[in-house]
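Me: I would like a close look at a single part of this model. Please keep the reply connected and stay with what the atoms show.

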Amino acid sequence: MNISSTNNSEIIFDLVIENGTIIFGYNRPSQILNIGILKDKIYTFSKETLRGKNFIDAKNLYVCPGFIDIHSHSDISGFSNKNCLSKLYQGVTTEVNGNCGIGIFPTTQENRTNLAKYIQTHSDINYHSIPLEKINTFSDLKTELNRYKLNTNQGYLVGAGCLRIAIMGFKSRIATDEEIYKMTSLLEKQFEEGALGISFGLVYQPGNFMSKKEIIEILKVVKKYDKVASFHMRDEGDKIIESIEEIIFYSKMSGAKINISHLKVMNKKNWGKAEEILKSLKTAKNMGVDISFDQYPYNATCTNLFVLLPQNIFSGDINLFIKDIPTLSENILKEIWKNINKRGGGKNISISNFCTNLFNFNGFSLYEVSKILNLSEEESVLYLIKESEGSVQAIYFSLDMKDVKTFLKSDYGVIASDGNSFPMTDPFNLGTPHPRSFGTFPRYIDLLKNELPIEKIINRITSKPAKIFRISNRGEIRENYFADITIFNLDEIKDNSTFENPFLKPSGIKHVILNGKIIVCNSSALDSKNGYII
Ligand SMILES: [Zn+2]
(Lines give C-alpha, C1' and ligand atoms only; values in the text may rest on other atoms or scores of the structure.)
Protein backbone atom coordinates (compact mmCIF):
# COMPACT_ATOMS: atom_id res chain seq x y z
CA MET A 1 0.00 0.00 0.00
CA ASN A 2 2.98 2.34 0.29
CA ILE A 3 3.94 4.80 -2.41
CA SER A 4 7.62 4.38 -1.58
CA SER A 5 9.70 1.56 -0.28
CA THR A 6 9.96 3.16 3.15
CA ASN A 7 8.43 0.95 5.81
CA ASN A 8 5.50 2.56 7.65
CA SER A 9 7.07 1.64 10.96
CA GLU A 10 10.04 3.90 10.21
CA ILE A 11 7.82 6.95 9.74
CA ILE A 12 6.40 9.29 12.37
CA PHE A 13 3.28 10.67 10.72
CA ASP A 14 2.08 14.23 11.24
CA LEU A 15 -1.40 12.88 11.88
CA VAL A 16 -2.79 9.38 12.35
CA ILE A 17 -6.50 8.58 12.19
CA GLU A 18 -7.02 5.33 14.08
CA ASN A 19 -9.67 2.61 14.06
CA GLY A 20 -12.17 4.37 11.80
CA THR A 21 -14.30 2.68 9.15
CA ILE A 22 -12.93 4.06 5.91
CA ILE A 23 -15.26 4.86 3.05
CA PHE A 24 -12.94 5.38 0.12
CA GLY A 25 -15.19 7.51 -2.09
CA TYR A 26 -14.89 5.20 -5.08
CA ASN A 27 -16.29 1.74 -5.64
CA ARG A 28 -14.63 -0.21 -2.81
CA PRO A 29 -16.26 -1.68 0.30
CA SER A 30 -15.61 0.18 3.55
CA GLN A 31 -12.95 -1.24 5.87
CA ILE A 32 -11.55 -0.56 9.36
CA LEU A 33 -8.02 0.81 8.87
CA ASN A 34 -5.60 3.44 10.16
CA ILE A 35 -4.61 6.40 8.00
CA GLY A 36 -1.17 8.01 8.08
CA ILE A 37 -0.92 11.63 6.93
CA LEU A 38 2.33 13.42 6.09
CA LYS A 39 2.13 17.19 5.52
CA ASP A 40 -1.00 17.76 3.38
CA LYS A 41 -1.22 14.29 1.82
CA ILE A 42 -2.53 10.85 2.65
CA TYR A 43 0.64 8.71 2.81
CA THR A 44 -0.79 5.34 3.68
CA PHE A 45 -3.74 3.40 5.05
CA SER A 46 -3.04 0.21 6.83
CA LYS A 47 -4.12 -2.39 9.40
CA GLU A 48 -0.85 -1.94 11.27
CA THR A 49 -0.45 0.52 14.12
CA LEU A 50 1.05 3.77 12.85
CA ARG A 51 3.33 6.09 14.81
CA GLY A 52 2.42 9.77 14.80
CA LYS A 53 2.70 13.23 16.33
CA ASN A 54 -1.08 13.69 16.52
CA PHE A 55 -3.92 11.19 16.70
CA ILE A 56 -7.64 11.10 16.10
CA ASP A 57 -9.49 8.11 17.53
CA ALA A 58 -12.20 7.34 14.99
CA LYS A 59 -13.54 4.17 16.62
CA ASN A 60 -17.22 3.64 15.69
CA LEU A 61 -17.02 6.54 13.24
CA TYR A 62 -16.90 6.70 9.44
CA VAL A 63 -13.82 8.25 7.85
CA CYS A 64 -14.36 9.48 4.31
CA PRO A 65 -13.04 12.01 1.79
CA GLY A 66 -14.04 15.61 2.53
CA PHE A 67 -17.27 16.50 0.75
CA ILE A 68 -17.06 18.37 -2.55
CA ASP A 69 -19.75 20.98 -3.20
CA ILE A 70 -19.64 21.60 -6.93
CA HIS A 71 -22.55 24.05 -6.89
CA SER A 72 -21.47 26.79 -4.58
CA HIS A 73 -21.90 30.57 -4.53
CA SER A 74 -19.11 31.38 -2.09
CA ASP A 75 -17.36 33.69 -4.59
CA ILE A 76 -17.40 36.52 -2.08
CA SER A 77 -17.10 34.48 1.15
CA GLY A 78 -13.45 33.73 0.35
CA PHE A 79 -12.65 37.44 0.51
CA SER A 80 -14.36 37.93 3.84
CA ASN A 81 -12.49 38.22 7.10
CA LYS A 82 -15.56 36.79 8.84
CA ASN A 83 -15.56 33.13 9.84
CA CYS A 84 -17.62 31.62 7.00
CA LEU A 85 -17.95 28.14 8.49
CA SER A 86 -21.37 26.92 7.34
CA LYS A 87 -19.93 24.53 4.72
CA LEU A 88 -17.01 23.31 6.78
CA TYR A 89 -19.33 22.31 9.63
CA GLN A 90 -21.17 20.10 7.12
CA GLY A 91 -17.95 18.27 6.26
CA VAL A 92 -17.41 20.17 3.00
CA THR A 93 -13.72 20.69 2.22
CA THR A 94 -13.95 21.85 -1.42
CA GLU A 95 -16.34 24.30 -3.04
CA VAL A 96 -16.75 25.13 -6.73
CA ASN A 97 -17.96 28.72 -7.23
CA GLY A 98 -18.96 30.71 -10.29
CA ASN A 99 -22.26 28.88 -10.81
CA CYS A 100 -25.48 29.94 -12.59
CA GLY A 101 -23.61 32.20 -15.02
CA ILE A 102 -22.60 34.47 -12.15
CA GLY A 103 -19.12 35.21 -10.87
CA ILE A 104 -16.50 37.87 -10.20
CA PHE A 105 -14.32 37.35 -13.30
CA PRO A 106 -13.42 37.76 -16.14
CA THR A 107 -13.89 41.39 -17.03
CA THR A 108 -12.49 44.20 -19.12
CA GLN A 109 -11.70 47.79 -18.21
CA GLU A 110 -14.75 49.08 -20.18
CA ASN A 111 -17.21 46.77 -18.51
CA ARG A 112 -15.94 46.59 -14.94
CA THR A 113 -18.83 48.71 -13.58
CA ASN A 114 -21.32 46.54 -15.48
CA LEU A 115 -19.85 43.43 -13.85
CA ALA A 116 -20.15 45.12 -10.44
CA LYS A 117 -23.87 45.74 -11.10
CA TYR A 118 -24.31 42.11 -12.11
CA ILE A 119 -22.66 40.92 -8.90
CA GLN A 120 -24.73 43.34 -6.82
CA THR A 121 -28.04 41.95 -8.05
CA HIS A 122 -26.98 38.32 -7.61
CA SER A 123 -25.14 38.07 -4.33
CA ASP A 124 -26.21 37.88 -0.72
CA ILE A 125 -23.02 39.36 0.61
CA ASN A 126 -21.87 42.89 -0.15
CA TYR A 127 -19.17 42.59 -2.80
CA HIS A 128 -17.23 45.69 -1.73
CA SER A 129 -14.72 43.51 0.12
CA ILE A 130 -13.43 42.28 -3.26
CA PRO A 131 -10.76 44.37 -5.00
CA LEU A 132 -12.64 44.13 -8.30
CA GLU A 133 -10.41 46.79 -9.88
CA LYS A 134 -7.49 44.35 -9.69
CA ILE A 135 -9.31 41.34 -11.12
CA ASN A 136 -9.55 40.85 -14.87
CA THR A 137 -8.86 37.14 -15.27
CA PHE A 138 -8.81 33.96 -13.20
CA SER A 139 -5.11 34.41 -12.60
CA ASP A 140 -5.73 37.86 -11.03
CA LEU A 141 -8.46 36.35 -8.88
CA LYS A 142 -6.04 33.71 -7.58
CA THR A 143 -3.43 36.38 -6.80
CA GLU A 144 -5.95 38.43 -4.81
CA LEU A 145 -7.55 35.46 -3.08
CA ASN A 146 -4.11 34.24 -2.02
CA ARG A 147 -3.97 37.11 0.45
CA TYR A 148 -6.77 35.47 2.43
CA LYS A 149 -6.90 32.37 4.56
CA LEU A 150 -9.59 30.12 3.19
CA ASN A 151 -12.08 28.01 5.14
CA THR A 152 -12.39 25.48 2.31
CA ASN A 153 -10.59 24.71 -0.97
CA GLN A 154 -11.95 26.96 -3.70
CA GLY A 155 -12.39 26.07 -7.36
CA TYR A 156 -14.02 28.29 -9.96
CA LEU A 157 -16.19 28.07 -13.03
CA VAL A 158 -16.34 30.97 -15.49
CA GLY A 159 -19.77 32.63 -15.33
CA ALA A 160 -21.01 32.87 -18.92
CA GLY A 161 -22.88 36.02 -17.88
CA CYS A 162 -19.58 37.61 -16.81
CA LEU A 163 -17.96 36.52 -20.06
CA ARG A 164 -20.71 38.18 -22.11
CA ILE A 165 -20.75 41.34 -19.99
CA ALA A 166 -16.95 41.62 -20.39
CA ILE A 167 -17.39 41.86 -24.17
CA MET A 168 -20.91 43.26 -24.65
CA GLY A 169 -22.06 44.84 -21.38
CA PHE A 170 -25.78 44.25 -20.79
CA LYS A 171 -26.71 44.40 -24.50
CA SER A 172 -29.89 42.45 -25.14
CA ARG A 173 -29.19 41.59 -28.80
CA ILE A 174 -27.50 38.43 -30.04
CA ALA A 175 -23.72 38.51 -30.31
CA THR A 176 -21.94 39.20 -33.62
CA ASP A 177 -19.32 36.78 -34.92
CA GLU A 178 -16.61 39.17 -33.79
CA GLU A 179 -18.06 39.33 -30.27
CA ILE A 180 -18.34 35.54 -30.12
CA TYR A 181 -14.69 35.33 -31.16
CA LYS A 182 -13.71 37.75 -28.37
CA MET A 183 -15.74 35.76 -25.82
CA THR A 184 -14.27 32.39 -26.80
CA SER A 185 -10.72 33.82 -26.77
CA LEU A 186 -11.29 35.26 -23.30
CA LEU A 187 -12.71 31.89 -22.18
CA GLU A 188 -9.66 30.02 -23.50
CA LYS A 189 -7.46 32.26 -21.37
CA GLN A 190 -9.49 31.42 -18.22
CA PHE A 191 -9.22 27.69 -18.94
CA GLU A 192 -5.49 27.99 -19.52
CA GLU A 193 -5.24 29.73 -16.15
CA GLY A 194 -7.05 26.84 -14.46
CA ALA A 195 -10.79 27.59 -14.32
CA LEU A 196 -12.66 24.28 -13.95
CA GLY A 197 -15.42 24.91 -16.49
CA ILE A 198 -18.18 27.35 -17.37
CA SER A 199 -21.67 27.96 -16.03
CA PHE A 200 -24.69 29.36 -17.86
CA GLY A 201 -27.63 31.21 -16.32
CA LEU A 202 -30.14 30.95 -19.15
CA VAL A 203 -32.88 32.39 -16.97
CA TYR A 204 -30.96 35.52 -15.95
CA GLN A 205 -29.91 38.59 -17.89
CA PRO A 206 -27.74 38.59 -19.95
CA GLY A 207 -27.58 34.76 -20.24
CA ASN A 208 -31.16 34.72 -21.54
CA PHE A 209 -30.07 36.77 -24.58
CA MET A 210 -27.46 34.25 -25.71
CA SER A 211 -28.11 32.73 -29.11
CA LYS A 212 -27.80 29.03 -29.91
CA LYS A 213 -24.74 29.78 -32.01
CA GLU A 214 -23.13 31.76 -29.20
CA ILE A 215 -23.68 28.93 -26.70
CA ILE A 216 -22.45 26.23 -29.08
CA GLU A 217 -19.28 28.17 -29.97
CA ILE A 218 -18.55 28.58 -26.27
CA LEU A 219 -19.17 24.86 -25.70
CA LYS A 220 -16.70 23.97 -28.44
CA VAL A 221 -14.04 25.61 -26.27
CA VAL A 222 -15.30 23.57 -23.29
CA LYS A 223 -14.87 20.42 -25.38
CA LYS A 224 -11.42 21.49 -26.63
CA TYR A 225 -10.13 21.87 -23.05
CA ASP A 226 -12.03 18.82 -21.74
CA LYS A 227 -13.92 20.93 -19.17
CA VAL A 228 -17.56 20.89 -18.08
CA ALA A 229 -20.49 23.27 -18.64
CA SER A 230 -23.13 23.64 -15.93
CA PHE A 231 -26.54 24.97 -16.91
CA HIS A 232 -29.09 26.83 -14.86
CA MET A 233 -31.75 25.99 -17.40
CA ARG A 234 -34.22 28.33 -19.09
CA ASP A 235 -37.23 26.76 -17.39
CA GLU A 236 -37.45 24.45 -14.37
CA GLY A 237 -41.24 24.23 -14.36
CA ASP A 238 -43.78 23.92 -17.18
CA LYS A 239 -41.10 23.66 -19.89
CA ILE A 240 -38.55 21.61 -18.00
CA ILE A 241 -38.48 18.75 -20.53
CA GLU A 242 -37.94 21.21 -23.40
CA SER A 243 -35.24 22.95 -21.38
CA ILE A 244 -33.40 19.68 -20.84
CA GLU A 245 -33.74 18.86 -24.55
CA GLU A 246 -32.30 22.30 -25.33
CA ILE A 247 -29.06 21.69 -23.44
CA ILE A 248 -28.77 18.11 -24.71
CA PHE A 249 -28.93 19.61 -28.21
CA TYR A 250 -26.04 21.98 -27.33
CA SER A 251 -24.01 19.04 -26.08
CA LYS A 252 -24.67 17.05 -29.25
CA MET A 253 -23.64 20.00 -31.42
CA SER A 254 -20.41 20.65 -29.52
CA GLY A 255 -19.47 17.35 -27.90
CA ALA A 256 -19.10 19.14 -24.55
CA LYS A 257 -19.73 17.51 -21.18
CA ILE A 258 -22.75 19.13 -19.53
CA ASN A 259 -24.24 19.26 -16.04
CA ILE A 260 -27.73 20.40 -15.06
CA SER A 261 -27.60 22.81 -12.12
CA HIS A 262 -29.93 22.27 -9.15
CA LEU A 263 -32.27 19.83 -10.93
CA LYS A 264 -35.82 20.21 -9.64
CA VAL A 265 -39.44 20.27 -10.81
CA MET A 266 -41.23 23.52 -9.98
CA ASN A 267 -44.95 24.26 -9.97
CA LYS A 268 -47.43 21.81 -8.46
CA LYS A 269 -48.93 20.84 -11.80
CA ASN A 270 -45.56 19.40 -12.87
CA TRP A 271 -44.95 17.37 -9.74
CA GLY A 272 -44.28 13.72 -10.48
CA LYS A 273 -42.21 14.41 -13.62
CA ALA A 274 -38.95 13.26 -12.02
CA GLU A 275 -39.13 9.75 -13.50
CA GLU A 276 -39.80 11.10 -16.99
CA ILE A 277 -36.85 13.48 -16.65
CA LEU A 278 -34.53 10.65 -15.60
CA LYS A 279 -35.71 8.67 -18.62
CA SER A 280 -34.81 11.52 -20.97
CA LEU A 281 -31.37 11.72 -19.35
CA LYS A 282 -30.95 7.99 -19.84
CA THR A 283 -31.86 8.27 -23.52
CA ALA A 284 -29.33 11.08 -23.95
CA LYS A 285 -26.63 9.10 -22.15
CA ASN A 286 -27.32 6.08 -24.35
CA MET A 287 -26.74 8.33 -27.35
CA GLY A 288 -23.33 9.30 -25.99
CA VAL A 289 -24.17 12.62 -24.34
CA ASP A 290 -22.00 13.14 -21.25
CA ILE A 291 -24.63 14.58 -18.89
CA SER A 292 -25.02 14.75 -15.11
CA PHE A 293 -26.89 16.92 -12.62
CA ASP A 294 -26.56 18.42 -9.18
CA GLN A 295 -29.38 18.98 -6.70
CA TYR A 296 -30.05 20.06 -3.12
CA PRO A 297 -32.32 18.00 -0.82
CA TYR A 298 -35.05 20.54 0.03
CA ASN A 299 -38.59 21.25 -1.14
CA ALA A 300 -37.97 24.97 -1.57
CA THR A 301 -35.84 27.04 -3.93
CA CYS A 302 -34.26 30.41 -3.24
CA THR A 303 -33.43 33.26 -5.57
CA ASN A 304 -33.90 36.95 -6.24
CA LEU A 305 -37.51 38.21 -6.64
CA PHE A 306 -36.51 39.22 -10.18
CA VAL A 307 -37.50 35.73 -11.33
CA LEU A 308 -41.15 36.70 -10.86
CA LEU A 309 -40.88 39.39 -13.53
CA PRO A 310 -41.61 38.36 -17.13
CA GLN A 311 -38.53 37.74 -19.27
CA ASN A 312 -37.58 40.73 -21.42
CA ILE A 313 -39.55 43.18 -19.27
CA PHE A 314 -36.31 45.09 -19.12
CA SER A 315 -33.39 45.00 -21.44
CA GLY A 316 -30.13 46.72 -20.86
CA ASP A 317 -29.22 48.17 -17.50
CA ILE A 318 -31.09 46.40 -14.69
CA ASN A 319 -30.25 49.22 -12.28
CA LEU A 320 -31.96 51.84 -14.40
CA PHE A 321 -35.05 49.63 -14.43
CA ILE A 322 -35.02 49.29 -10.66
CA LYS A 323 -34.53 53.02 -10.13
CA ASP A 324 -37.56 53.90 -12.13
CA ILE A 325 -39.90 50.90 -12.33
CA PRO A 326 -42.31 51.90 -15.07
CA THR A 327 -46.06 51.76 -14.66
CA LEU A 328 -46.79 48.27 -15.81
CA SER A 329 -49.61 47.24 -18.06
CA GLU A 330 -52.39 44.92 -16.87
CA ASN A 331 -50.85 42.21 -19.05
CA ILE A 332 -47.49 42.40 -17.37
CA LEU A 333 -49.08 42.39 -13.90
CA LYS A 334 -50.94 39.26 -15.00
CA GLU A 335 -47.63 37.68 -16.01
CA ILE A 336 -46.20 38.43 -12.57
CA TRP A 337 -49.31 36.90 -10.96
CA LYS A 338 -48.81 33.75 -13.07
CA ASN A 339 -45.16 33.54 -12.03
CA ILE A 340 -46.08 33.94 -8.36
CA ASN A 341 -48.38 30.95 -8.72
CA LYS A 342 -45.90 28.85 -10.65
CA ARG A 343 -43.52 29.29 -7.72
CA GLY A 344 -46.03 28.17 -5.12
CA GLY A 345 -48.37 31.17 -4.67
CA GLY A 346 -48.09 34.18 -2.35
CA LYS A 347 -48.53 32.13 0.82
CA ASN A 348 -45.66 29.82 -0.16
CA ILE A 349 -43.17 32.51 -1.09
CA SER A 350 -41.25 33.67 1.95
CA ILE A 351 -39.13 36.84 1.90
CA SER A 352 -35.69 35.82 3.12
CA ASN A 353 -33.72 39.00 2.80
CA PHE A 354 -35.43 42.38 2.98
CA CYS A 355 -34.74 44.74 5.79
CA THR A 356 -34.98 48.53 5.55
CA ASN A 357 -35.49 51.23 8.16
CA LEU A 358 -39.20 50.97 7.53
CA PHE A 359 -39.85 47.24 7.38
CA ASN A 360 -38.28 43.97 8.33
CA PHE A 361 -40.05 41.45 6.14
CA ASN A 362 -37.63 38.56 6.68
CA GLY A 363 -39.62 35.37 7.12
CA PHE A 364 -42.93 36.98 6.02
CA SER A 365 -44.85 35.46 3.14
CA LEU A 366 -45.56 37.55 0.05
CA TYR A 367 -49.24 37.27 0.99
CA GLU A 368 -48.55 38.75 4.43
CA VAL A 369 -46.39 41.51 2.94
CA SER A 370 -49.19 42.46 0.56
CA LYS A 371 -51.66 42.70 3.47
CA ILE A 372 -49.28 44.94 5.45
CA LEU A 373 -48.53 47.19 2.47
CA ASN A 374 -52.12 47.16 1.30
CA LEU A 375 -50.96 46.35 -2.22
CA SER A 376 -51.65 43.40 -4.50
CA GLU A 377 -49.07 40.60 -4.42
CA GLU A 378 -47.82 41.69 -7.87
CA GLU A 379 -47.40 45.29 -6.75
CA SER A 380 -45.69 44.10 -3.57
CA VAL A 381 -43.10 42.27 -5.68
CA LEU A 382 -42.29 45.53 -7.50
CA TYR A 383 -42.23 47.46 -4.23
CA LEU A 384 -39.77 45.01 -2.65
CA ILE A 385 -37.50 45.00 -5.71
CA LYS A 386 -37.43 48.79 -5.85
CA GLU A 387 -36.96 49.40 -2.12
CA SER A 388 -34.15 46.81 -1.90
CA GLU A 389 -32.49 48.17 -5.06
CA GLY A 390 -32.88 44.76 -6.60
CA SER A 391 -31.28 42.72 -3.83
CA VAL A 392 -34.42 41.16 -2.26
CA GLN A 393 -34.27 37.35 -2.02
CA ALA A 394 -37.10 34.92 -1.38
CA ILE A 395 -37.65 31.24 -0.65
CA TYR A 396 -40.23 29.51 -2.84
CA PHE A 397 -41.93 26.35 -1.57
CA SER A 398 -42.67 25.00 -5.01
CA LEU A 399 -41.14 21.50 -5.06
CA ASP A 400 -42.40 18.05 -4.10
CA MET A 401 -40.19 15.97 -1.78
CA LYS A 402 -41.12 12.85 -3.80
CA ASP A 403 -39.45 14.28 -6.91
CA VAL A 404 -36.53 15.46 -4.79
CA LYS A 405 -36.05 11.92 -3.45
CA THR A 406 -36.39 10.30 -6.88
CA PHE A 407 -33.52 12.48 -8.09
CA LEU A 408 -31.53 11.85 -4.90
CA LYS A 409 -31.49 8.13 -5.62
CA SER A 410 -30.39 8.47 -9.25
CA ASP A 411 -26.90 7.46 -10.27
CA TYR A 412 -26.71 10.37 -12.71
CA GLY A 413 -26.61 13.03 -10.05
CA VAL A 414 -24.43 14.51 -7.35
CA ILE A 415 -25.51 16.51 -4.32
CA ALA A 416 -24.53 20.15 -4.03
CA SER A 417 -25.82 23.04 -1.96
CA ASP A 418 -26.41 25.95 -4.39
CA GLY A 419 -25.52 27.88 -1.22
CA ASN A 420 -22.76 29.93 0.33
CA SER A 421 -20.20 29.57 3.04
CA PHE A 422 -21.82 31.84 5.60
CA PRO A 423 -20.83 32.68 9.17
CA MET A 424 -22.86 30.91 11.89
CA THR A 425 -24.14 34.28 13.13
CA ASP A 426 -25.44 37.00 10.82
CA PRO A 427 -22.90 39.83 10.45
CA PHE A 428 -23.90 40.27 6.79
CA ASN A 429 -27.60 40.95 7.58
CA LEU A 430 -28.69 38.00 5.49
CA GLY A 431 -32.07 37.73 7.19
CA THR A 432 -33.32 34.16 6.94
CA PRO A 433 -31.26 32.52 4.17
CA HIS A 434 -32.13 29.08 2.76
CA PRO A 435 -30.98 26.29 5.14
CA ARG A 436 -29.16 24.58 2.23
CA SER A 437 -26.08 26.67 3.08
CA PHE A 438 -26.02 25.09 6.56
CA GLY A 439 -27.40 21.57 6.21
CA THR A 440 -27.34 20.13 2.66
CA PHE A 441 -24.77 17.35 3.17
CA PRO A 442 -25.80 15.95 6.58
CA ARG A 443 -29.44 16.19 5.48
CA TYR A 444 -28.71 14.21 2.31
CA ILE A 445 -26.90 11.46 4.24
CA ASP A 446 -29.66 11.34 6.85
CA LEU A 447 -32.40 11.12 4.18
CA LEU A 448 -30.77 8.20 2.40
CA LYS A 449 -28.88 6.30 5.09
CA ASN A 450 -31.57 3.63 5.41
CA GLU A 451 -32.13 3.34 1.68
CA LEU A 452 -28.72 3.10 -0.01
CA PRO A 453 -25.34 1.59 0.92
CA ILE A 454 -23.20 4.19 2.67
CA GLU A 455 -20.43 3.77 0.05
CA LYS A 456 -22.85 4.87 -2.67
CA ILE A 457 -24.16 7.79 -0.63
CA ILE A 458 -20.63 9.10 -0.02
CA ASN A 459 -19.53 8.52 -3.63
CA ARG A 460 -22.02 11.18 -4.82
CA ILE A 461 -20.48 13.88 -2.64
CA THR A 462 -16.81 12.96 -3.07
CA SER A 463 -15.31 10.97 -5.95
CA LYS A 464 -18.17 11.43 -8.41
CA PRO A 465 -18.27 15.25 -8.34
CA ALA A 466 -14.43 15.32 -8.41
CA LYS A 467 -14.48 13.22 -11.60
CA ILE A 468 -17.17 15.29 -13.34
CA PHE A 469 -15.36 18.56 -12.61
CA ARG A 470 -11.89 17.05 -13.02
CA ILE A 471 -10.73 18.06 -9.57
CA SER A 472 -7.48 16.17 -9.28
CA ASN A 473 -6.17 14.29 -6.25
CA ARG A 474 -9.22 14.97 -4.09
CA GLY A 475 -12.48 13.15 -3.39
CA GLU A 476 -10.97 9.74 -2.55
CA ILE A 477 -9.00 8.10 0.23
CA ARG A 478 -5.93 7.17 -1.78
CA GLU A 479 -2.20 7.38 -1.30
CA ASN A 480 -0.78 10.75 -2.34
CA TYR A 481 -4.23 12.35 -2.49
CA PHE A 482 -4.73 15.53 -0.48
CA ALA A 483 -5.70 14.76 3.09
CA ASP A 484 -9.20 16.29 2.99
CA ILE A 485 -11.11 14.03 5.37
CA THR A 486 -14.50 14.13 7.08
CA ILE A 487 -15.19 11.93 10.09
CA PHE A 488 -18.82 11.42 11.11
CA ASN A 489 -21.19 9.41 13.26
CA LEU A 490 -23.85 7.87 11.02
CA ASP A 491 -26.37 7.44 13.85
CA GLU A 492 -26.14 11.08 14.88
CA ILE A 493 -25.90 12.74 11.49
CA LYS A 494 -28.65 15.25 10.68
CA ASP A 495 -29.19 18.87 9.70
CA ASN A 496 -30.56 21.28 12.31
CA SER A 497 -30.90 24.37 10.14
CA THR A 498 -34.52 25.27 9.34
CA PHE A 499 -36.30 27.84 7.18
CA GLU A 500 -37.27 29.72 10.35
CA ASN A 501 -33.91 29.41 12.06
CA PRO A 502 -31.18 28.70 9.51
CA PHE A 503 -28.00 29.62 11.41
CA LEU A 504 -27.52 26.24 13.08
CA LYS A 505 -24.77 23.70 12.55
CA PRO A 506 -25.63 20.05 11.86
CA SER A 507 -25.14 17.09 14.21
CA GLY A 508 -22.84 14.13 13.67
CA ILE A 509 -19.92 15.73 11.80
CA LYS A 510 -17.15 15.13 14.33
CA HIS A 511 -13.84 16.06 12.73
CA VAL A 512 -12.80 17.70 9.47
CA ILE A 513 -9.26 17.64 8.11
CA LEU A 514 -8.35 20.10 5.37
CA ASN A 515 -5.08 19.60 3.49
CA GLY A 516 -3.69 17.59 6.40
CA LYS A 517 -4.70 19.99 9.18
CA ILE A 518 -7.44 19.32 11.73
CA ILE A 519 -9.86 22.23 11.22
CA VAL A 520 -12.97 20.89 12.95
CA CYS A 521 -12.38 18.92 16.15
CA ASN A 522 -15.24 17.44 18.17
CA SER A 523 -17.69 19.47 16.04
CA SER A 524 -15.98 22.78 16.86
CA ALA A 525 -13.92 24.75 14.36
CA LEU A 526 -10.33 25.50 15.29
CA ASP A 527 -8.85 28.84 14.41
CA SER A 528 -6.73 27.61 11.52
CA LYS A 529 -7.97 28.04 7.97
CA ASN A 530 -6.09 25.89 5.47
CA GLY A 531 -8.00 25.91 2.18
CA TYR A 532 -6.20 25.97 -1.18
CA ILE A 533 -7.24 27.50 -4.47
CA ILE A 534 -7.69 24.64 -6.91
ZN1 LIG B 1 -28.92 28.69 -10.42
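How are the donor residues of the zinc ion spaced in sequence?

Reply: The model is a predicted one. In sequence, the spacing of the zinc donors is C-x131-H-x29-H. The two histidines bring together distant parts of the chain, 30 residues apart: His232 belongs to strand β12 (residues 228-232), while His262 sits in the loop between β13 (257-260) and α7 (274-286). The donor atoms are SG of Cys100, ND1 of His232 and NE2 of His262, at 2.0 to 2.2 Å from the zinc ion.

Cys100 counts as buried because its relative accessibility is 3%, under the 20% limit. His232 is buried as well, at 6%, and His262 has a relative accessible area of 2%, so the same label applies to His262.

As for cysteine pairing, the count of disulfides is 0. Cys84, for example, is in none; its nearest cysteine sulfur belongs to Cys302 and is 17 Å away. Cys84 is buried, with 1% relative accessibility.

Beyond its neighbours within four places in sequence, Ile198 is in contact with residues including Leu157, Phe191, Ile218, Val228, Ala229 and Ser230.

Notes: Residues are numbered from 1 along each chain as its sequence is written. This is a predicted model: local features need pLDDT of at least 70, side-chain atom pairs count only at pLDDT 80 or more; totals for chains, interfaces and linings use all residues. Side-chain values use heavy atoms; hydrogens and water are left out. Donors are N, O and S atoms within 2.8 Å of the metal (3.2 Å for Na, K and Ca); water is not among the atoms, so sites may look incomplete. Helices (H or I, at least four residues) and strands (E, at least two) are DSSP runs, numbered from the N terminus. Buried means under 20% relative accessible area, exposed over 50%, partly exposed in between (1.4 Å probe, protein chains only). A disulfide is a pair of cysteine sulfur atoms within 2.5 Å. Contact means heavy atoms within 4.5 Å.
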